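I set out to record what I looked up in this structure, one topic at a time. The entries below follow the order in which I consulted the model.

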Amino acid sequence: MAAAGGGFEDPSEDVLAQAAASFALLASPARLHIVWALAQGESDVTGLAERVGGALPAVSQHLTKLKLAGLVRSRREGRRQVYYVDDPDVVEVVRLLVDRLTDRAAPTRRRRLHGL
């Protein structure tokens with residue numbers, strides 16, 4: 001593997017493909033919202049649908065995709081399926097990006113409010 005200008009080695013093609021697939025899944029606002037919600041705590045599909053404002057079948061389909069990609073897991077509690085994010089690194093990436101974008105938007109909002 002070749003070292004880039006900063007001295008870091010380039011990741012393998014397989015790692016890049018896996019990372020791109022994970023980012024592609026998170027590129028959906030609905031799936032990103034689901035991961036954000038699950039980063040705050042476990043939930044069943046009904047609770048997630050209420051929180052993210054989606055229809056139950058749509059949220060269920062998003063959860064299936066996130067599970068297949070290994071970004072979300074589930075366990076059975078009685079008759080309920082409870083979902084959670086089992087990878088703290090995924091949670092950290094999502095939180096970092098959302099927090100960063102929220103911070104960037106804050107000064108813009110303040111400027112608009114002062115102009116009213």
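The entries that follow go from the overall layout to individual residues.

**Entry 1: the overall layout**

I note at the outset that this is a predicted model. I looked up the secondary structure and found five helices and three strands in the protein chain. Read from the N terminus, the elements follow the order α-α-β-α-α-β-β-α. I then looked up burial: of the 116 residues in the protein chain, 25% are buried. I also checked how far apart in sequence the contacting residues lie. Among contacts with a separation of 6 or more, 45% join residues 24 or more positions apart.

**Entry 2: helices H2 and H4**

How do the axes of helix H2 and helix H4 cross? I found that H2 spans residues 29-40 and H4 spans residues 56-68. Their axes come within 10 Å and cross at roughly 75 degrees. Angles of 65 to 115 degrees count as roughly perpendicular, so H2 is roughly perpendicular to H4.

I next listed the residues that make this contact. H2 contributes Ala30, Arg31, Ile34, Val35 and Leu38, while H4 contributes Val59, His62, Leu63, Lys65 and Leu66. By type, the residues of the contact comprise seven nonpolar, one polar and two charged.

**Entry 3: the largest nonpolar core**

I looked up the largest nonpolar core, which has 21 residues. Which of them touch the most other members? They are Ile34, Val35, Leu38, Leu48, Val59, Leu63 and Val72. I then asked which helices supply this core. At least two residues come from each of helix H1 (13-26), H2, helix H3 (45-52), H4 and helix H5 (88-114). H2 gives the largest share, with five residues.

**Entry 4: Ser74**

Where is Ser74 placed? I located Ser74 in strand S2, which covers residues 73-77. I then examined the polar contacts of its side chain. One, of 2.8 Å, joins the side chain of Ser74 to the side chain of Lys67. Another polar contact, with the side chain of Gln81, is also listed at 2.8 Å.

Finally, I looked up the residues in contact with Ser74, leaving aside neighbours within four places in sequence. They are Lys67, Gln81, Val82, Tyr83 and Tyr84.

How values were computed. Residues are numbered from 1 along each chain as its sequence is written. This is a predicted model: local features need pLDDT of at least 70, side-chain atom pairs count only at pLDDT 80 or more; totals for chains, interfaces and linings use all residues. Side-chain values use heavy atoms; hydrogens and water are left out. Axes are lines fitted to C-alpha atoms, for helices over the stretch in contact, and angles run from 0 to 180 degrees between N-to-C directions. Helices (H or I, at least four residues) and strands (E, at least two) are DSSP runs, numbered from the N terminus. Angles under 35 degrees count as roughly parallel, over 145 as roughly antiparallel, 65 to 115 as roughly perpendicular and the rest as oblique. Contact means heavy atoms within 4.5 Å. Ala, Val, Leu, Ile, Met, Phe, Trp, Tyr, Cys and Pro count as nonpolar, Asp, Glu, Lys and Arg as charged, and the others, Gly among them, as polar. A nonpolar core is a set of buried Ala, Val, Leu, Ile, Met, Phe, Trp, Tyr and Cys residues joined through side-chain atoms within 4.5 Å. Buried means under 20% relative accessible area, exposed over 50%, partly exposed in between (1.4 Å probe, protein chains only). A polar contact is a pair of N or O atoms within 3.5 Å; within protein, one must be able to donate a hydrogen and the other to accept it, and residues adjacent in sequence count only if both atoms are side-chain atoms.
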